[in-house]
Amino acid sequence: MVTALVLGALVVPGLMLAGVAARALRGALLVILPIGISVAVVSIFGRAGSHVLFTLGPFDATLEGLDFALRIDFRLLVLALALALFAATTSPRSLVVDLERRGVSRRLAFAAAATLDAIPAMAERAAAIQAAQRARGLDTEGSVGARLRGVVPLVGPAVLGTLHDVETRSLALEARAFDGPGKRNLLWTPQDSERQRLGRWLLVAGVVGFVALAALGVLPPLP
Amino acid sequence: MLELRGVRYRYPGFERRVLDGVDLTVGDGEIVGLTGSNGAGKSTLCLVAAGVAPGSIGGELEGNVLLDGRPLRGRRPWELASSIGLVLSNPEAQRTRIAATVFEEVAFGPMNLGLPVAETVDRVRRVLEALGIDRLVERDPGRLSGGETQLVAIASILAMRPRHLVLDEPVAELDPEGRRLVIDALRRLAADGTGLLIAEHDRDLLSELCTRVVAIEAGRIVPATIDAFPQAQSGPIRTVQDGSIAIRCSGLGFTYPDGTPALDGVDLTIRAGETVAITGRNGSGKTSLVRHWNGLLRPTAGEVEVVGRSTSGRRVAALARSVGLTFQDPNDQLFARTCRDEVAFGARNVGFRGRDLDAAVAEGLDAVGLADQAGTSPFDLGPSRRRLLAIASVLAMRTPIVVLDEPTMGLDVREHLRVGQIVERVAGEGRTVVAVSHDAGFVSTSLARVIRLEAGRIVADGPTGSFAVP
């Protein structure tokens, strides 16, 4: 829990500084909600413990299970927020160019950018499909129930459509020699200020210090 | 020279050969048009000719594809990129999604070829000017109209200056001016010795541009002459003078949240039973205009009334009972497991149940010639049939106003004719049909009134034929 709290204390100010806290929290909750609920149910009712909170049929809900579920879900939230912070503050374009100028292969750089772009791409596709559904009379405005009704038919086509687009896009990129050998002459380089460089080194130093403190027993052992 | 000798090809996981003995030569400086009905193998032939199939997508190829005497087989896509360019029929999916501006998008290919920065910049500037899209240079490629995106996709390949070029329906989404610029650019390339293979339905483009036209039927090349293509024609156009008001826009203005202006003071009245074409250059605001009628977009100025009531405060779902709207890209519109479910979706939402629902679905599918595909997944249909399915899904809602965004794009002559018949039938029932279209042939044979937009304003409005359809 301490580990997650310390990491959270780093991520949350970052989100606030970047002005993306609300958006990132919404996205992170959406991503972790299914797995978070599963973890909670399995832990609370499946984990043995001496403090029984209540009983549901043959299952005992234990305080130890609740404690475990909270710790896991908090870690998941911090992880999702950290990823959301990265996605919200890094353009795929900057990522590709920066990785490439540091010697990473173009294919790998594009794979990283495509991963970063996957959620916005799927969101765009989902928005288009939702517009089509609304245009054909599906009421997704107003009540929460109405909004939820519109989500279910979105998932399959949004995922399939995005995958189809990715396939076509990879053909188009290959036709434009994206995975060719040799170095590209880049038209621009991303801005990299002194403060950004300092921030990166501080983060690296923080990770090293964190691992060292955990190894020395000052902090709880890493999970 | 590009040569295909005895080429047979099947996609991975499929038994059927899409190409079954293709022999075709495209000489240096020659422009060969490739036509044929949808599903005959045009797009597949483009992929094979450019080395993408089986090179990138797999599948089984027999026979030989030769580029300047050298077989394509075994050559990596990046090795071919500077020799043979490929423009796919779906421009949106060709975007890199990592470019912040149109300039960067077009520069992507030349950069990959390892060209010096100065040459990349020069090539990009020249091709943007040649295609008349230098005004878009700083725009976000993800915020362009369909036609603008298509021009950028073509520019992206032309900037690589390949010696051979394969284009799959390159002008489908373009306005006449964009079309003219593309034709001129392709002509110049051919004059410089580039060999071009163009898969296209558009008779005018084929007759104007191509030095030779061949057709593909059941995976084989057959001779074709442009004059032999049947003309799409429908019956006499119905005109309406005094029906009740279906749509009224008063001082309609709209600016997108990113600040891009789309509509500026549009005043417009369309009466019940009218058949109306909305035309204009790519990016002139056509799609933005029609999306106001069912509430997908809300005015930032002025007002829209549909069937006598303001759209203000009314939900899209409620407006859908009055206005059925197909989207320009049918891929954005299809989501159900079967064609039957797809067509039933809208009809059910507007209140059809039981036998009425079955009848509406059957009627919609029958109108577009897809009655025998009711159980097929929409995603297993080809692009043109997806477009027809999207039209069926709106017809089944039996709305008093039917709006079709580029309904004939990518359709072959038979399918084109069918859309004309649909317009005639729907208008005959006293319903209003509005089509956003660049297709001058379709507009002149199927629609009675033409409205032309420029930069978000109506600049011409009158009976078909009273002014040139842009």
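In chain B, 16 residues of domain 1 are in contact with 13 residues of domain 2 (contact: heavy atoms within 4.5 Å). The model is predicted: local features need pLDDT of at least 70, side-chain atom pairs count only at pLDDT 80 or more, and totals for chains, interfaces and linings use all residues. Residues are numbered from 1 along each chain as its sequence is written, chains are lettered from A and ligands numbered from 1 in the order written, and side-chain values use heavy atoms, without hydrogens and water.

**Domains of chain B**
- Domain 1 spans 2-228, and domain 2 spans 273-298 + 313-463 (bounds from an automatic or database domain assignment).
- Their centres, taken over C-alpha atoms, lie 29 Å apart.

**Buried area between the domains**
- Domain 1 of chain B and domain 2 of chain B bury about 1200 Å² between them, 43% of it on carbon and sulfur atoms (accessible area, 1.4 Å probe, that two parts lose on being put together, summed over both).
- B:Asn38, B:Glu173 and B:Asp175 supply 36% of the area that domain 1 buries against domain 2, more than any other three residues.

**Salt bridge**
- The count between domain 1 and domain 2 of chain B is 1 salt bridge (a side-chain nitrogen of Lys or Arg within 4 Å of a carboxyl oxygen of Asp or Glu).
- B:Arg281 forms a salt bridge with B:Asp175, with the closest N and O atoms 3.7 Å apart.

**Helices at the contact**
- Helix 5 (146-158) and helix 6 (176-191) of chain B are the elements that give two or more residues to the side of domain 1 that touches domain 2 (helices: DSSP runs of H or I, at least four residues, numbered from the N terminus).
- Helix 5 of chain B gives the most to that side, with 3 residues.
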